[in-house]
Amino acid sequence: MTGDPLLSISDLRTQFATDRGRVKAVDGVDLTVREGETVGLVGESGSGKSVTALSAMGLVDDPGEIVSGEVKLRSPELAEEFRSRRKNPGFVDGDVVDLTAAPEESLRAVRGGEMSMVFQDPMTSLNPALTVGEQVGESLRLHQYGGRKKDNWLNAVREILPKMGNDLDEQVVERAVEVLSEVGIPEPTTRVDEYPHEFSGGMRQRVLIAIALACRPGLLVADEPTTALDVTIQAQILDLINDLQDELGMSVLMITHDLGVVAETCDRVAVMYAGEIVEEGPVEEIFGNPSHPYTYTLLESIPTEEKERLTPIEGNVPDLIDMPDGCNFAPRCPWAKPECTEGDIPYLQHGPEGVDHRSKCVLDDFDTNEYGEDDALAAADHDVGEPLLETEGLKKHFSRADGLLDEWLGLDGASVKAVDGVDLTVYDGETLGLVGESGCGKSTTGRTLLRLLEPTEGRVVFAGDDLTDLGKDDLRKKRRDMQMIFQDPMSSLDPRMTVGQIVTEPLKIHDLPAEGSGDRSAREQRRERVTELLEAVGLDPNQRARYPHELSGGQRQRVGIARALAVDPDFIVADEPVSALDVSVQAQILNLMEDLQEEFGLTYLFIAHDLSVVRHICDRIAVMYLGEVVEVADTDELFADPKHPYTQALLSAIPEPDPTADTDDRVILEGDVPSPINPPSGCHFRTRCPQVIPPTDVDIDQEAYREVMNLRQRVESRNIDVEAVRAEAAAGPESGANTKAATDGGAPEDRRGTEDGGAPEDRRGTEDGGAPEDRREATDGGAADSAADTGVSSATTDTSGPTNADDDTVATLRERYFEHDLRGENRRVVDAALAALVEGDWETAESTLRERFESVCEREDPELGDEAHPAACHLYDAN
Ligand code: SF4
Ligand code: SF4
């Protein structure tokens, strides 16, 4: 349920002064965010959504300025505070604060207090020289604990040499730990003193959210909070924001270009185009009844299961300095009429009566049957032939030795195993997708199989030749047949070369055309070839004299494709070719790649993290995790019946651009991809796998077993702050629930519950890894079975064992690490291990847990078979 307006933006206009004129980044925006609701602000790059948010926060810097409009925040507390500080403040009216009229000093009290912002890139948003505790504490101190650190020489030195002293007072530290715990940072009492570089990307984003939420804001402005994250971590962060919103009752303004994120998280959506809101309404209305041509065409460019062929929006976003008269979308709108380019375009109401759904378009309705017909030819099935490229046991390890001497002396034991034994086959004429999270080794695989990186081990056979045996000259000749398209055309194209020079360069490198071929000079023939190539990729040949910076992102990627095609290759490795592009441009490039495949008989290895794109363009998909391929299948088969638990989690984390989609059974993976320097033994995925296999003789729920394995990982990495737990246990008379609340900082129960992802019972029992009875007896300390059966811990009943204080600590630890039921023997072993921990005996704790709970998944590396749909997972081992 949502309530009264909290933030009201009216007729906001923000402009930036440039040499060419004024950029109208925000041009008359009206937007309201009500109490408790999530409003999505969506649009392509340059639509003005981030500037709208920055304007609302009073964070627009020179050369930008808010030229007109109002931003009002309803906050009785702030209004009262400002009235108490100033006599008759003009920017306060009743409970409402006018942020556009408020002085900077007052805005500082609003930002981070009543309104907080989470930015896209946590690495650049966090201060690398301060601990995360200091950064959360900074916000707390400013808004809740009596002001900023003073600008004196001592604090200045502390900032430069942060280890010299951490002046967070106890209260602030306690609260910072609580907030870090709330956002799911494990062991917050320890991690509060760590620096941002010691956190993974997902954890850094959690820290940013902790800073934003430290002072319990009424409104969280989240600016692309998950864009830099993998889909699995994105699912964790969106889930976290959702839970925290429910718990704290705050409102969220979610800024994103991802329509799937909007569909899943928002109550209402405002679609921005060229500085204006062109459509706004409840999320189901916007997705179910898009009433502005831009919203409709944007939704049509998203790859979905049903679409054989994408329909891109033609043209580019207009120059915000020189806007067209009338409707900004007119130059690209398939339904534009003469009246669209004259005067102001009104907002028309749409949808059922009583629903606030407005669209800035002269049309009540438009005929969607007219749209995309010319281009909606079903993608022709292309012929797939014999294997063109095969890898066997391909490895690429990067040495971490400090220098040649270290390497020579063999001091490079800790190499990064980026690719660790990959067997792949790519068939002639097909598109094979290679997917996985960042750091899984997919790009390194692509580069290694082209021998742009020297393989550490293994073979790459291309068209019958083993590339790893070829000398320099032969390899150069072979490269004519194997080319690459890179992710970011801006950084992969030389900014000092013209388009013509960029596309001609590979021809020169390979001495093409050959001397004496044809009547005309090589120069003329190359010029003709460049013309052909530019036309083939949909560029005007007259653009050959332009430089990359003079082109749009989509045009630059077309140049990158033309360059790859110049030497007429058979095989192209496309490394995230559309991930830097907006969805409408992405559709153009995907269509182009499909057309070129048809025309030139190309074979692609398509590397991507966006699974909906991969689903659209690929015939088969190989899923990578931590340097290994874990599953390969035809695309339809993989999406219909993913076998490997990692693939299942990956597919279930994709946000669907459909607000009615059911996401209740989503698998949200815990944690991050482990380091490739020291990957987990056995199955690399076993540290996160929701279906990790318990020993056959251990009767335990799958969720509880996952928790046992998580505890084991913590014990093995000595990552439990026992002293902090002991202090917490000592703090409360009833150490159980009270201590847990203090430890968890009130984290919602259901969040941790859903993170387990659950797994069916019947997947257990392929291998007996159970500890022998006699060893377990030794572990039990001879506790009576009857006690075990009632679920009472031996550690809490054995009076000759630990003291009561230690019992409390064991109970607190158990409550901290287990949400699911542990009974009988399982509980007794866990308690015995925890009791050892409390006594500081980590080795005993480790071995006690291992003896009972060791899984086949950690002992044996699962093999990827050679059947039609193989998955490297012990769940599919033959019994
Ligand atoms: S006003 Fe005209 S040009 Fe603009 S979206 Fe509507 S129909 Fe298209
Ligand atoms: S082998 Fe075990 S840990 Fe690995 S994916 Fe299969 S069930 Fe999970």
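I began with two strands: E14 (residues 387-398) and E15 (residues 416-427) pair in the antiparallel sense over 9 bridges. Strands (E, at least two residues) and helices (H or I, at least four residues) are DSSP runs, numbered from the N terminus. Two strands pair if DSSP finds at least two bridges between them.

I noted that this is a predicted model, where local features need pLDDT of at least 70, side-chain atom pairs count only at pLDDT 80 or more, and totals for chains, interfaces and linings use all residues. Residues are numbered from 1 along each chain as its sequence is written, while chains are lettered from A and ligands numbered from 1 in the order in which they are written.

**The sheet**

I looked up bridge partners next. Leu394 has Val422 of E15 as its partner. His397 stands opposite Lys417, also in E15. E14 also pairs with E17 (residues 457-462), in the antiparallel sense, over 5 bridges. There, Glu392 stands opposite Arg459 of E17.

I then traced the whole sheet. It is open, has 4 strands in the order E15-E14-E17-E18, and its pairing is antiparallel. Which strands are at the edge? They are E15 and E18 (465-466), and each pairs on one side only. I reminded myself that strands of a sheet pair through backbone hydrogen bonds.

Helix H15 (residues 442-449) lies across E14, E15 and E17 and runs at about 115° to E14. Axes are lines fitted to C-alpha atoms, for helices over the stretch in contact, and angles run from 0 to 180 degrees between N-to-C directions. Contact means C-beta atoms, placed from the backbone, within 7 Å.

**A helix pair**

I moved on to H33 (residues 824-838) and H34 (residues 842-853). Their axes come within 7 Å and cross at roughly 165°. The two helices are therefore roughly antiparallel to each other, a label for angles over 145 degrees. On the H33 side, the contact residues include Val829 and Ala832; on the H34 side, they include Trp842 and Arg852. By class, this contact has 8 nonpolar, 2 polar and 1 charged residues. Ala, Val, Leu, Ile, Met, Phe, Trp, Tyr, Cys and Pro count as nonpolar, Asp, Glu, Lys and Arg as charged, and the others, Gly among them, as polar.

**The ligand shells**

How many residues surround ligand 1? I found 14, and the closest are Cys327, Cys333, Ala336, Cys340 and Cys361. A residue is near if its C-beta atom, placed from the backbone, lies within 6 Å. This shell divides into 12 nonpolar, 1 polar and 1 charged residues.

Ligand 2 is surrounded by 14 residues, the closest being Cys683, Arg686, Cys689, Cys857 and Cys873. Its shell has 10 nonpolar, 3 polar and 1 charged residues.

Notes
Parallel < 35°, antiparallel > 145°, perpendicular 65-115°, else oblique. Contact = placed C-beta atoms within 7 Å.
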